[in-house]
Amino acid sequence: MMFDTAALQNRSKELFPGVVVAGMTAITAQWLADHYATPAMLLALLLGIALSFLGEEGKTVPGIGFSARTLLRLGIALLGARISFELTAQLGLPIVSLIVGAVFATIGFGLLIGRFFGAKWRFSLLTAGSVAICGASAALAIAAILPKDERSEQRLLFTVMGVTVLSTIAMIFYPVIVNVLDLSDLAAGVFLGGTIHDVAQVVGAGFSVSESVGDTATLVKLIRVSMLAPVVIIAALVIRSFATPDEGGERPPIIPSFVVGFLVLATLNSLGFIPAAVSDLMSQASRWLLLTAIAAVGMKTNLKQVLAVGGSAIALIIVQTIFIATVILSGVYFLT
């Protein structure tokens, strides 16, 4: 089967303006983050919202949509190159079990209490999954398999903003808790890596305590990131079993293609088939793709819609965050 070169060129020309705008927004966000010690994801989101008019009409609309959808999935798939299952052996089965158990417990808890905050299952799953696994990246992945409705992007943007802000607060205050409780290096690393939402903030918090704590926290966080694939697969299977057109249109595929890519790369990296330099390159590419995607998602909505989610939604994310911190801290005291 031959490629239609003309159609490909036309499609590229159609997407180019929007992709460039989203990419430049991501670069600007990263530059600001490097100079003003602010999370790049949050800046990309806010800059995207400020440029939301570009996602409403004009030549940039197709490329912004492509960035928010296709580049997002590619970025999540490339996250798999960061995972090495061999590293988990360094922590031991009890610690790994604590981390995995905390992830599923937080998601279950989030779904259970969501109704008390006036949240439906989609928003509860989105927030609980992002809190339990890896913040904004998990929110983007879970949103990709949820049935879509008119409020899908609104819920996603609110969740990304919420977990990113909470991650930044945790990065500042959790090391203080570590010192007050006089936790050992192992306990401190497990606590920081097992509770802070985003990878960058985990690294910042961990290495602010010590190099040993930073290494352990990063490893624990990567174990949480590796939970992204099984959680998304399970969620997709459950959603397919009961989602109806009235709840948001087409059901998600049994195993989303980006999850397959994530698992393939994680397996190859664990088996040593991906050189360290290539793994690092894929990791950086993933980060930039996700940053570009979140900027594009921001361009497809506006701040009023995001803030309209309400105070109860903020409370829900905070309670979920407190829950996973309590579970991990209790486990750390018991196991170390």
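**Exercise 1.** How many residues has helix 10, and how far does it reach from its first C-alpha to its last?

*Solution.* The model is a predicted one, in which local features need pLDDT of at least 70, side-chain atom pairs count only at pLDDT 80 or more, and totals for chains, interfaces and linings use all residues. Residues are numbered from 1 along each chain as its sequence is written, and side-chain values use heavy atoms, with hydrogens and water left out. Helix 10 (residues 211-226) has 16 residues and reaches 23 Å, close to the 22 Å expected at 1.5 Å a residue, where the expected span is 1.5 Å times one less than the number of residues.

**Exercise 2.** Determine whether helix 10 is largely enclosed, and then examine Glu211.

*Solution.* Twelve of the 16 residues of helix 10 are buried (under 20% relative accessible area, with a 1.4 Å probe and protein chains only), so helix 10 is largely enclosed by the rest of the structure. Among the buried residues are Val213, Leu219, Lys221 and Arg224. Glu211, which also lies in helix 10, counts as exposed (over 50%) at 59% relative accessibility.

**Exercise 3.** Describe how helix 3 packs with helix 6.

*Solution.* Helix 3 (residues 61-78) and helix 6 (residues 136-145) pack at an angle of about 120 degrees, with their axes 10 Å apart. The contact (heavy atoms within 4.5 Å) involves Leu72, Arg73 and Ile76 of helix 3, together with Ser137, Leu140, Ala141 and Ala144 of helix 6. The residues of this contact divide into five nonpolar, one polar and one charged.

Definitions and conventions:
Axes are lines fitted to C-alpha atoms, for helices over the stretch in contact, and angles run from 0 to 180 degrees between N-to-C directions. Helices (H or I, at least four residues) and strands (E, at least two) are DSSP runs, numbered from the N terminus. Ala, Val, Leu, Ile, Met, Phe, Trp, Tyr, Cys and Pro count as nonpolar, Asp, Glu, Lys and Arg as charged, and the others, Gly among them, as polar.
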